[in-house]
Amino acid sequence: MAGHSIEIILSRQLADKLNVPVLIADPEGNLLFYNPAAEELLGMRFEDTGVLPMEMLFKYTYPTDDHGNPIPTEEDPLVICLTHHVPAHKAFWIKSFDGNKVKISATAIPIVGRAQEFVGAIGMFWDIEKKV
Amino acid sequence: MAGHAIEVILSRQLADSLNIPVFIVDPEGNLLFYNAPAEELLGRRFEDTGEMPMEEWSTSFYPTDADGTPIPSDKIPLVSSIKNQMPAHNNFWINSFDGRSVNISATAIPIVGRAGKFVGAMALFWDTESKV
C-alpha cells in the first residue's frame, strides 16, 4: 500500500476496521486489498491471492443475473466506476471460491481526491439474504 | 469528532478526501458530519446546519419516490442501516435546501468495528443525473 495516494491508504485503513465486505482497486483495475469481511464472503484470503487483476476476480466469482446469465463486464459496478469515474450500484449473483452462490448488492465509488486525480475505487458489497 | 470511535474518525477522514457526498451518523442517528460534495448537493454547508438528530435530517430533505409519495423512513438507507446495523441501498428523490429536486442513489453501511461494536453509520450518495 506504500506508494499509493493518501486516499487509498485511508480507504484501506477504514476497510480493515469494517465488518462490511470492501475491496479497493487501482485505476487499472487491480485489486489492491480486500478486507476480512470480503474474504469471508468470497471464500479466499488476501494474503493467499495478493494483488489480483479484476478479470481474475470475475473469472472466479462468475457474476450472473437472476436467470443465471453472465453479467456483461461493462455492467459491473466496479468496471463502470473505474471506466467512467462515477459511482455505480447493482445487485447480482456471484459464486464464492468455495462454491456457494450468493446474491449481493454492490456499490462502487470512485476515489477522486481534492486535486481531482482519479486514484482508484472502493467496492462495498453484501449478501442480500444475510440477516442481523 | 473528538471522542468518537476510531472507525468514525477514519470515516470522516476518508469522507473529507472524496468527491462523493458522504453523511456520517452516530449510533443514535445524530448527524455528525457531511463532506463538501454533500454540501454542494444539499445546498447548505455543514457548519451552518451543525449536528442534527435523525428525526430532523431524515425529513428535512423530504425524501419521496418517483411519484412524489413520501417514502417510509425504513426505506431511507441510512435510517435502515442504523436500525438494522446492516448495509442498505435505495434510489429516491430529495429536495435540497436550495429548492432543487434531486434523484439520488444512496448506499449506507454500518460502522461496526472488528470488536463487533456498532459505532455509527455512513451513507454515500450521488445525483443519478450527474455526469462525469
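Reader: Which residues of helix H5 (residues 77-84) of chain A are buried?

Author: In this predicted model, the buried residues of helix H5 in chain A are A:Pro77, A:Leu78, A:Val79, A:Cys81 and A:Leu82. Burial is counted here as under 20% relative accessible area.

Reader: What covers the buried residues of H5(A)?

Author: The cover includes helix H4 (54-61) together with strand E1 (22-25), strand E2 (30-34), E4, E5 and E6, which belong to chain A.

Reader: And what is found at the start of H5(A), and what follows the helix?

Author: At the start, the backbone nitrogen of A:Leu78 has a side-chain oxygen of A:Asp76 within 2.8 Å, while after the helix comes A:His85, with a positive phi near 60 degrees.

Reader: Turning to the two chains, how should I read the area that chain A and chain B bury between them?

Author: The size of an interface is often given as the accessible area lost when the parts come together. Here chain A and chain B bury about 2,600 Å² between them, with 72% of it on carbon and sulfur atoms. Across that interface the rule finds zero salt bridges, and the count of residue pairs in polar contact, both at pLDDT 80 or more, is four.

Reader: Which elements of chain A give two or more residues to the side that touches chain B?

Author: They are helix H1 (6-15), strand E4 (88-95), strand E5 (101-112) and strand E6 (118-127) of chain A, and E5(A) gives the most, with six residues. By type, the residues on that side of chain A divide into 16 nonpolar, 10 polar and six charged.

Technical notes: Residues numbered from 1 in each chain as written. Chains lettered and ligands numbered in written order. Predicted model: local features only at pLDDT ≥ 70, side-chain atom pairs only at ≥ 80, totals over all residues. Heavy atoms only, no water. Buried area = accessible area lost by both parts, 1.4 Å probe. Salt bridge = Lys/Arg side-chain N within 4 Å of Asp/Glu carboxyl O. Polar contact = N/O pair within 3.5 Å; in protein donor to acceptor, adjacent residues only side chain to side chain. Helix = DSSP H or I, 4+ residues; strand = E, 2+ residues; numbered from the N terminus. Nonpolar A, V, L, I, M, F, W, Y, C, P; charged D, E, K, R; others polar. Buried < 20%, exposed > 50% of the residue type's maximum accessible area, 1.4 Å probe, protein only. Contact = heavy atoms within 4.5 Å.
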